[in-house]
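The tour moves from one selection to the next.

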Amino acid sequence: MILHSNKSTRCFTALLLCIFFSSALYAQKDSVEKVFAFKITGYINVLTDSSIAVQVMKPAAFPVSIKNKQLGVLYHCYKAGEALDTAAIGVGRCNLIKGDYYYFGIKLHKQQKASEGDLIYLKVKMPYVYDGLLLNVMNHAINFTNVYGDNFMNTGAVFTNTKNDEFKVLDSMVNDIHFTGSAMLQQMPGQNQPVKGGIYDGKKLFEAMQAVKRTELEAFLKYVTARPKKYAGNSWKISEVFATWMDGGTPTVIEK
């Protein structure tokens with residue numbers, strides 16, 4: 001009887017361990033923490049000489065959790081045509097939640113001011129999803145469109161995308177770059193100048209655009225995720241910013 005009891009205990013303990021580790025693995029896959037940028041609205045309320053209240057609207061399609069008292073860091077968002085200024089504005093916490101609107105009290109850094117469209121970065125909890133290039137671009141509030149200004153995917157789709165879905169979106173971006181390169185060659189043949197430096201060194205820009213591969217687009221997106229400040233918070237035509245990257249010597253991320 002004693003031996004039988006010990007064996008039962010060992011079996012029961014093993015079962016508990018299996019349940020524990022299974023639950024732990026499920027919890028890891030069920031949710032994850034990730035840093036996301038959200039644009040502040042035009043609601044900017046001056047509280048004191050060194051503090052303000054700002055408002056963030058979380059899109060309903062974003063299954064992320066912003067909690068009361070959540071810490072956030074506010075940064076300037078680059079605006080086209082202006083000097084590149086992406087410095088930190090201040091730090092604060094969420095003090096009020098009304099539906100999809102979140103209000104943050106921000107302690108300003110010296111001589112800093114906020115404006116509509118600036119970005120507050122938060123560490124949020126979100127469901128486990130495919131952690132691909134598109135998610136790591138979008139979490140900086142970056143949006144890429146085709147040459148006509150149309151989005152490549154619906155708002156929130158990045159939270160349900162699989163790896164294959166991402167490949168389809170990337171292929172659509174590549175096709176848009178091909179199309180734009182062809183159109184530009186027809187419309188402005190005189191601007192089809194050789195690229196200096198980088199992976200396209202010596203090739204003519206518009207012709208090189210027509211031969212771009214998905215792996216080259218992936219290299220560009222990895223660069224964006226590593227150096228997002230100029231891109232963050234803005235919508236860009238993928239063909240235009242990719243061509244600028246090509247003409248700028250294709251700086252890339254060195255992966256270990």
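**First stop: a buried aspartate**

Select aspartate 118, which counts as buried because its relative accessibility is 0%, and keep in mind throughout that what you are viewing is a predicted model. Lysine 79, for its part, is partly exposed, with a relative accessible area of 25%.

How many salt bridges does the structure hold? There are four, and another of them is found by selecting lysine 34 and aspartate 131, whose side chains meet at 3.2 Å, N to O. Here too the pair links distant parts of the chain, since lysine 34 lies in strand 1 (residues 31–48) and aspartate 131 in the loop between strand 6 (119–127) and helix 2 (133–138), 97 residues apart. Is lysine 34 buried or exposed? With a relative accessible area of 15%, lysine 34 is buried, whereas aspartate 131, with a relative accessible area of 49%, is partly exposed.

Next, select arginine 214 in helix 5 (residues 214–226) together with aspartate 171 in helix 3 (residues 163–187). Their side chains meet in a salt bridge, at 3.0 Å from N to O, and the pair links distant parts of the chain, 43 residues apart. Arginine 214 counts as partly exposed, at 28% relative accessibility, and aspartate 171 is likewise partly exposed, with a relative accessible area of 29%.

**Last stop: serine 50**

Finally, move to serine 50, which you will find in the loop between strand 1 and strand 2 (51–57). At 26% relative accessibility, serine 50 counts as partly exposed. Which residues is serine 50 in contact with, once its neighbours within four places in sequence are left aside? Select Ile106, Lys107 and Leu108, which are the contacts of serine 50 on that basis. To end, draw a distance between the C-alpha atoms of serine 50 and glutamine 112: these two residues are 62 apart along the chain, and their C-alpha atoms are separated by 8.8 Å in the model.

How values were computed
Residues numbered from 1 in each chain as written. Predicted model: local features only at pLDDT ≥ 70, side-chain atom pairs only at ≥ 80, totals over all residues. Heavy atoms only, no water. Helix = DSSP H or I, 4+ residues; strand = E, 2+ residues; numbered from the N terminus. Buried < 20%, exposed > 50% of the residue type's maximum accessible area, 1.4 Å probe, protein only. Contact = heavy atoms within 4.5 Å.
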